[in-house]
Amino acid sequence: MSAGVRMLRLVPLDPTAFHDRYVLAETDEPELTLGELLADLPAFSLTPLDPAYLDVPVRRLVLELAEPDPSTPLHLPPGLDLTALAAAGSPRDGGPAAGTDAADNSAANPAAGAGSGPGSGIGSGIGADVDTHVSSTGRNTPLPGQGGDTAGRDADAAGPAAAAESGYPETLSEREAVLIAHDTEINRAAAYLESGLSVLVRCEKLLVEHLAHEIAGRSGRPQRTPRPAGGAATAVPGTPSGPGEATPLGGGRRAELLAALQAAVADAKPGDVVVVPHLDLLAGGSDAALTSEARELADVLYERSACVLLAFTDPSLVIPEVLANRFAVRLSIEILPREVTTGSGARVPVGRALVTREEAGLFDGFDAADLYKYVAGMNAVRLRNALRFAYHQHRPALREGDRRPTFADLRHELRVFKARTSSSFEVPNVPFSAIGGYAEVKAELARALTIIGGAVDLPAHLRHDLVPRGFIFHGPPGTGKTLFAKAVAARLAATILVVSGPEVTDMYVGESERKIRDLFAEARRNAPAVVVFDEFDSIAASRTGRGDGGSRAGNAIVAQLLTELDGFRPEVPVLIIGTTNRIDLIDDALLRPSRFRPIRIGLPDEDARREIVRVHAEHFGIPVGPALVDAIARATEGFNGDEIRSVFRDGRADELVGDPRRPADARRLGELIGALRAARQQRELAKSPPSDRRTEDAIRRDITDTLPIVTDGEEFTTDTDGNSRAGTSRATGTRPGRGESTAP
Ligand SMILES: Nc1ncnc2c1ncn2[C@@H]1O[C@H](COP(=O)(O)OP(=O)(O)OP(=O)(O)O)[C@@H](O)[C@H]1O
Ligand SMILES: [Mg+2]
């Protein structure tokens with residue numbers, strides 16, 4: 001078995017049982033091998049299965065359960081025979097026209113004329129050299145359950161009639177979903193091919209296997225897919241789900257594919273379409289610079305300019321312009337359309353066409369039109385996965401008679417799905433009410449959020465202009481800038497990614513732009529999404545006036561950021577928030593009103609501090625009366641929100657786990673505030689010349705003499721050492737007597 005490739009795509013006869021056992025094996029049956037699992041729960045494989053896999057514990061494998069359409073060739077795993085399968089039943093999605101072939105153990109469907117199986121993708125290498133076939137696929141993909149052909153699917157008791165009534169399909173395979181969602185683009189691409197123009201399609205790798213032969217097929221031209229001779233069937237560079245996985249091919253493998261492509265181009269008869277499923281990987285997976293790989297590829301592609309090409313690249317990868325120029329037409333299939341056309345010609349929201357009746361019915365108040373803004377940036381395959389995930393999360397509630405799941409639950413589940421399936425996005429849960437003060441900032445953000453969130457109906461032609469691209473929160477440290485960013489994301493029901501600026505720039509030249517591009521590509525997939533660049537100044541520093549070597553990278557990063565911002569689309573909301581303590585360093589181009597709107601988040605004033613005190617007193621469960629709140633707000637002049645929080649956190653910690661334990665009363669809070677002030681004064685003194693320095697005692701005296709506050713009979717002094725000289729506080733058993741030192 002080839003090293004490193006562990007993803008197997010299987011079609012179980014009983015998908016639910018198979019899935020459950022596979023998932024549970026991780027904990028319940030760590031030793032369960034693939035062979036044992038298949039013996040109990042038979043499954044076909046989409047590619048010939050290497051017998052070596054049978055002895056591998058399933059928890060070490062990535063098994064993807066596939067839903068092929070009836071024309072997909074299926075393979076019998078080694079050791080399984082048809083009689084066992086027949087006894088177990090047949091797969092859901094149409095019978096696999098299986099026939100065992102002693103030689104390669106494959107069960108290719110004789111009717112596989114549409115050539116739609118993943119087996120025809122790059123590097124699957126089932127056959128040698130080039131395979132040629134003409135697609136018989138029609139031009140229009142009727143929606144399942146909407147008057148289309150549902151034969152071969154086990155429409156349940158309600159039947160297609162009910163489905164047509166409700167408008168939702170009964171069942172939907174990934175492939176059907178892709179074809180429905182992108183019918184328009186597929187037809188357009190096919191029309192270009194038909195007129196003899198080469199087409200370059202930008203789309204995520206996940207879609208390539210579904211689109212490639214469909215587009216070529218609809219063009220009505222014979223198609224050729226280069227395949228290397230004798231390649232290991234399982235070593236599919238395949239269909240990585242994210243840009244991170246879209247690594248360049250290994251040298252030997254790449255050379256084989258390139259040779260196969262060269263052969264295909266050379267052999268192509270006039271009018272044939274040569275399909276290149278992963279042009280970006282062949283180009284060396286590198287950037288716009290012309291590598292030797294890209295040069296070789298250019299040679300091959302330009303060798304016969306009359307040859308019609310259909311090639312695919314991933315949005316997160318850039319190919320050299322000279323390669324892109326080989327194609328007369330470039331189109332991108334990146335986001336879901338708001339509406340699709342049904343077989344009968346009606347326009348329906350994508351939330352109706354790509355959601356099954358059962359899924360829609362599970363969530364109370366399901367709103368097909370509203371769904372769009374939570375899924376616009378997903379591709380059809382990911383949307384289907386997300387819905388399946390949400391459905392499985394919530395279906396048990398029905399059985400167990402719990403509260404009926406709602407549309408809000410579905411939206412939450414979609415966010416969770418996005419966050420889980422991406423490497424870094426999270427689901428934030430900071431409400432605006434957790435931020436004390438800053439009423440003006442909140443008001444300004446609220447205005448922007450109603451626009452971004454689509455709460456107001458904007459004229460379509462103005463949407464693009466009115467929706468803000470991003471904010472820069474600037475101000476001193478610890479004032480809640482990151483907190484505000486999270487609250488914004490939570491309000492938008494968006495996922496959030498917090499990246500530290502230096503993380504992006506601490507890289508080789510060229511890597512930073514790639515990182516930015518990847519981030520944006522991932523953000524769009526996770527839309528609505530908020531990307532926070534902490535220490536934004538480190539990546540967005542002015543392009544001029546930086547004499548150091550970093551400026552070269554800096555320039556390129558700002559340029560890439562501008563490109564991404566200018567490519568913004570309102571239907572795929574991605575909001576960028578930069579936070580910085582140094583707004584003066586930010587490149588002016590980014591501060592143009594159409595790009596980032598700067599919002600100052602300064603130190604909290606007394607009113608704001610009062611609210612921050614309330615927020616954290618409540619959070620940490622420390623009761624404080626109004627007079628004490630006032631006193632603390634006054635005594636914390638110059639503090640940021642983070643410092644105020646630390647007073648309550650430390651007070652509460654002492655109460656719970658201190659040694660000795662002390663109540664978090666007015667006196668203790670006063671001590672903590674005093675200690676913070678003293679620490680700050682010391683820091684300031686340390687910065688001043690030694691002659692100005694006073695003794696530590698003098699500082700302490702200064703503080704304790706000037707800040708004793710007594711309120712409500714509660715003593716509140718900002719003493720620094722715990723040896724307070726006056727008054728008592730809430731009497732509790734744990735409190736030490738006056739004069740006993742409790743200083744840390
Ligand atoms: N206005 C506020 N209301 C409530 N809590 C606050 C407020 N400001 C800050 N905090 C508290 O301080 C913590 C730190 O704030 P945050 O990380 O948002 O600061 P920041 O402005 O991003 O700082 P930096 O510039 O150092 O990144 C927050 O998690 C929160 O607990
Ligand atoms: Mg921060």
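I call a residue near a molecule if one of its heavy atoms lies within 4 Å of it. This is a predicted model, where local features need pLDDT of at least 70, side-chain atom pairs count only at pLDDT 80 or more, and totals for chains, interfaces and linings use all residues. Residues are numbered from 1 along each chain as its sequence is written, ligands are numbered from 1 in the order in which they are written, and side-chain values use heavy atoms, with hydrogens and water left out.

Entry 1, the shell. I found 17 residues around ligand 1, and G478, K481, T482, H616 and R645 come nearest. Domain 2 (432-600) and domain 3 (606-717) both give residues to this shell, so ligand 1 lies between them; the domain bounds come from an automatic or database domain assignment.

I looked up a polar side-chain atom of H616, which lies 2.8 Å from a nitrogen atom of ligand 1. A backbone N or O atom of G436 lies 2.9 Å from a nitrogen atom of the ligand, and one of L483 lies 2.9 Å from an oxygen atom of the ligand.

Helices are DSSP runs of H or I, at least four residues, numbered from the N terminus. In α19 (residues 481-491) I see K481, F484, A485, A487, V488 and A489 as buried, meaning under 20% relative accessible area (1.4 Å probe, protein chains only). After α19 comes A493, with a positive phi near 55°.

Technical notes: Buried means under 20% relative accessible area, exposed over 50%, partly exposed in between (1.4 Å probe, protein chains only). Helices (H or I, at least four residues) and strands (E, at least two) are DSSP runs, numbered from the N terminus. A polar contact is a pair of N or O atoms within 3.5 Å; within protein, one must be able to donate a hydrogen and the other to accept it, and residues adjacent in sequence count only if both atoms are side-chain atoms.
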